[in-house]
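Welcome! Take a moment to turn the structure around, and then let us walk through it together.

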Amino acid sequence: MSSEGDRKRNEILELVNKARNSGFLEELSISDAIDDIMKSTGEEVNLILYTQGSEPILINAAREEDYVSLALLDLELVMDVSLREFPSIVQVFNDLEEITTKLGYELHGDRSIAPFLFPLRLDTNNERAEIICGVKAAITEDLFNENFMEGLIEDLELNYMMYLSELLNSIETTRRK
């Protein structure tokens, strides 16, 4: 494995350890994660979902009234972004999740999802930023099940490059105006 690959792997492990140390629940199956989420009423639930053969998925969810809202952050989708190509990332890095969630909702809200980018590391010396692609969604409680979660994870895995491109280009476009 390259030193770049080792560095990314170490950053992912560090992020998982931070999540674990801050009280994230750990689950090995989607059905157990769903049970944890459904047991919560009005309180946020933070989970690490370990999936076979890939990096974990961090989940933040809340069940309120008849809805479940959640954010999935797939640690398999750590991206290295060139600040030369996307210089506006430097200006918005600390607010990247909030800004891209709004943009994601504008672009995909009709599907009740909002892809977003999570800031991981900014390296201005090497003109690089590491970010993670994720997706947020809200659904009625009666439709929240394994099929929904699997579909959301699959959508993110299949479409993350499109989401990444759309969000990065939207940031650049809005910052240049």
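A residue counts as buried here when its relative accessible area is under 20%. Please keep in mind as you look that this is a predicted model.

What does S4 pair with? One partner is strand S3, residues 57-64, which runs antiparallel to S4 and is joined to it by eight bridges. To find one of these links in the viewer, look for Ile57, whose bridge partner in S4 is Asp74. S3 and S4 form a hairpin with two residues between the strands, and in this hairpin Glu65 takes a positive phi near 50°.

S4 also pairs with strand S6, residues 128-140, again in the antiparallel sense, this time over 12 bridges. Here you can pick out Ala71, which has Lys136 as its bridge partner in S6.

Now let us move to a helix. Helix H5 spans residues 146-176, and Asp155 is found in it. Is Asp155 buried or exposed? Its relative accessibility is 12%, and because anything under 20% counts as buried, Asp155 falls into the buried group. The side chain of Asp155 makes a polar contact with the side chain of Tyr163, at 2.5 Å. If you set aside the neighbours within four places in sequence, the residues in contact with Asp155 are Arg111, Ile113, Tyr160 and Tyr163.

With these details in hand, step back to the whole chain. It holds five helices and six strands, and reading along the sequence gives the pattern α-β-α-β-β-β-α-α-β-β-α. The radius of gyration of the chain is 16 Å, close to the 16 Å that the globule rule gives for 177 residues, so the chain is as compact as a globular protein of that length. Along its principal axes, the C-alpha trace spans about 45 × 40 × 25 Å.

How much of the chain is buried? Buried residues account for 45% of the 177 residues. The accessible surface of the chain is about 9,700 Å², and carbon and sulfur atoms contribute 45% of that surface. Finally, consider the contacts between residues at least 6 apart in sequence: 58% of them join residues at least 24 apart.

How values were computed: Residues are numbered from 1 along each chain as its sequence is written. This is a predicted model: local features need pLDDT of at least 70, side-chain atom pairs count only at pLDDT 80 or more; totals for chains, interfaces and linings use all residues. Side-chain values use heavy atoms; hydrogens and water are left out. Helices (H or I, at least four residues) and strands (E, at least two) are DSSP runs, numbered from the N terminus. Buried means under 20% relative accessible area, exposed over 50%, partly exposed in between (1.4 Å probe, protein chains only). A polar contact is a pair of N or O atoms within 3.5 Å; within protein, one must be able to donate a hydrogen and the other to accept it, and residues adjacent in sequence count only if both atoms are side-chain atoms. Contact means heavy atoms within 4.5 Å. Two strands pair if DSSP finds at least two bridges between them. The radius of gyration is taken over C-alpha atoms; the globule rule is 2.2 Å times the number of residues to the power 0.38. Accessible areas come from the Shrake-Rupley method with a 1.4 Å probe; for residues, only the protein chains shown count as cover.
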